[in-house]
Amino acid sequence: MNTTFMKHATTPSSHQPTVRLKSTFWKHYQELIAQEVLPYQWAVMSDATGVSMADDPGGNNEFGREKSHVLANLRIAAGLETGEHYGFPFQDTDLYKWIEAAAYIMRQREEPQLRRLVDSAIDLIAKAQCSDGYLDSFIQITAPTRRFARLRESHELYTMGHFIEAAVACHESMGHDKALNVAIRMADCIDRAFGPEDGKIHGSDGHPEIELALSRLYEVTGEQRYIDLARYLLDVRGQDPDFYDKQDKADGSEPFIPGMSQFPKSYYQAAEPIREQKHADGHAVRVGYLCTGLANVARLTGDAELADVARRLWDDITRKRMYITGNVGSTRVGESFTYDFDLPNETMYGESCASVSMAFFARSMMNLQPAGLYGDIVEKELFNGALAGMSLDGKHFFYVNPLEADPQASAIDGNPDRHHVLCQRADWFGCACCPSNIARLIASVEDYIYTTKLSDNGDILTIYSSQFIANSASFEDGITVDQRSDFPWNGHIEYSISVPAAATPVDFAIRIPQWSQSEASAVVSVDGSVIDATQGIDGFVHVSVGSGTMVHIECDVDMRVKLMEASTRVRHDIGKVAVMRGPIVFCAEEADNQGPLWLHRISVDSWAKMLETNKVDEHYDEDLLGGVEVISMPDQMRTLSSTEDDLYQPVSKDTDSEISFADSRLTLIPYYSWANRGRGRMQVWFDSNR
């Protein structure tokens, strides 16, 4: 067992603190999840409310365009109703992620009606489960003799993995043993069917997920078979690149999802053995879930080689294949990664689920070996990429999250290559993986605040505070942390850390975000005395808190408005700038600005002077979009050509002069809040004079 990173590892299931949110921002969102999002999603899944389905962004419009039917599918599988399966093969997972979100909400508050719905859902799921533990309503209803026969597309392990995750959440948050027992029976069924032994299936699901689910189940049960199986399902992937083709040929029947076999093997992360993979290729969500499982299994087994693979794929994604908002996935074809630095803004995919999966991956890496860069990505996803996927009313959702949008281009009679880009969130989707995925991330936001490093005998050595989310937390040994702030609108954060006399001294570590590591950096004081805020190699500032003491820490991070530019390897953003304040990426909408937005130009040369002369206005508007920070700045607008002008003409001597521009002003709002005031153009990156 490698101890280089294992000495830093935590055991989240048994050492997570009890955290009570105090953040105005996130308490509002969790209230929204409890009161609006989850009731709405339940009504949709039970077919109790009508919804308008958007075209499937991935082009799979042959499935589920009229209703969800999730609960009805399970009732049919349980023998409580008759009928046919409706929707995608993985339709069950919409409910499973909903259950997980509900369980997290009930850690913070008691919701009797929500608890009744969860109990009823688990009762139904238990009735639908086969006597040997198998559960997949699609297979049970449509093809009971074809279990595990077409793993490329069946999503069976993916589907059961999502229930296992939900069951772990129910067990930890609600003490729900019935859900956990269903999950254990599922895992035992999978363990009997898959493994290196003769007579078992030597392959894995085309959609990674079960690996991370089994690692979570292992943490709460301690059953060695589950973590061994998780590692096997990682290692078997890509060992036989023709595995799926051989399965399809042996099955000889119609595919479950037509067209899935046309994607390259890298789409399923099965072109080569996992330990040899160097690039994050294929379907972006699959990559995120796979990498989360990689990091979990590496930590729990001490597998240093798997840890290296996880770090290698992390670097490939975050340094070469990620948008400024944290979104990943550059093309609608296969909802996939493409190649290094290919990050188009208009035709990108940026699936909401992919951002959620990156938050999962970042948290798993933080647990593997704490470092500030992982907290940076969690923060990026929470305040930008993932949050943008849900409307402010909690009842409309984005599947695709572009950085530039135009209703004319996205219309049916517009550009077919941009039809997947919606300019207003949809009620629901036939493939509705994103709505409940966003819900479970927001509902569990308190799990992303702290990470603990333990001694060999289980004492807490270090508490890493990786997110500025106001809360009160109680750790083992009576250690308490009280964090106060109005983040993300204000960069002043205060901590009170109390360590009882009977506890060992604690190292308290505060992440200094990458966006606050400029010349101003952060200012940190301990009990009124300013200390050196230079972050260590792990990206944290460390403060020692002795036994029997209480320490008060104040931290001020750099919340100045900044212009950001991309690497010159990203050709789509050459000569362009984006605007950030703290962790939040800002965008412009036509609702606030004179259009077309592509005519606006921001002067980089004048930026410092504009800041010095207070021409860049930033203020909090409590009446706009539920309360957001608004940025307004001087810019210039190009002259819009007349429709009577020639489509092309020679360059004139005045084209690059100021005559071609007029003074203007640009107003920006947080990216996550766009498209809540009707359809209109939106843009993140703007031309500059550089």
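**Figure 1. Strands S7 and S8 pair in the antiparallel sense.** Alanine 473 has valine 481 in S8 as its bridge partner. Strands, like helices, are DSSP runs numbered from the N terminus (strands are E, at least two residues; helices are H or I, at least four). Two strands count as paired if DSSP finds at least two bridges between them. The model is predicted: local features need pLDDT of at least 70, side-chain atom pairs count only at pLDDT 80 or more, and totals for chains, interfaces and linings use all residues. Residues are numbered from 1 along each chain as its sequence is written, and side-chain values use heavy atoms, with hydrogens and water left out.

**Figure 2. An open sheet of 7 strands contains S7 and S8.** The order is S1-S7-S8-S9-S14-S11-S12, with antiparallel pairing. Strand S1 (18-21) and strand S12 (529-531) are the edge strands, each pairing on one side only. Neighbouring strands of this sheet are turned by 20° against each other on average, direction ignored. For this angle, axes are lines fitted to C-alpha atoms (for helices over the stretch in contact), and angles run from 0 to 180 degrees between N-to-C directions.

**Figure 3. Strand S14 pairs with S9 and with S11.** S9 and strand S14 (residues 549-556) run antiparallel and are joined by 8 bridges. Glutamate 494 has glutamate 554 in S14 as its bridge partner. Strand S11 (residues 523-526) is also antiparallel to S14, with 4 bridges. Here valine 524 stands opposite cysteine 555 in S14. In a regular strand the side chains alternate between the two faces of the sheet.

Figure 4. Most peptide bonds are trans. Proline 488 lies in the loop between strand S8 (480-485) and strand S9 (492-499). Proline 596 is in the loop between strand S17 (584-589) and strand S18 (600-602).

**Figure 5. Histidine 69 and leucine 625 have positive phi values.** Most residues other than glycine have a negative phi. Phi of histidine 69 is near 70°. Histidine 69 sits in the loop between strand S2 (53-54) and helix H3 (70-77) and is buried, with a relative accessible area of 13%. Buried means under 20% relative accessible area, exposed over 50%, and partly exposed in between (1.4 Å probe, protein chains only). Leucine 625 has a phi of about 50°. Leucine 625 belongs to the loop between strand S19 (617-621) and strand S20 (628-638) and is buried at 10% relative accessibility.
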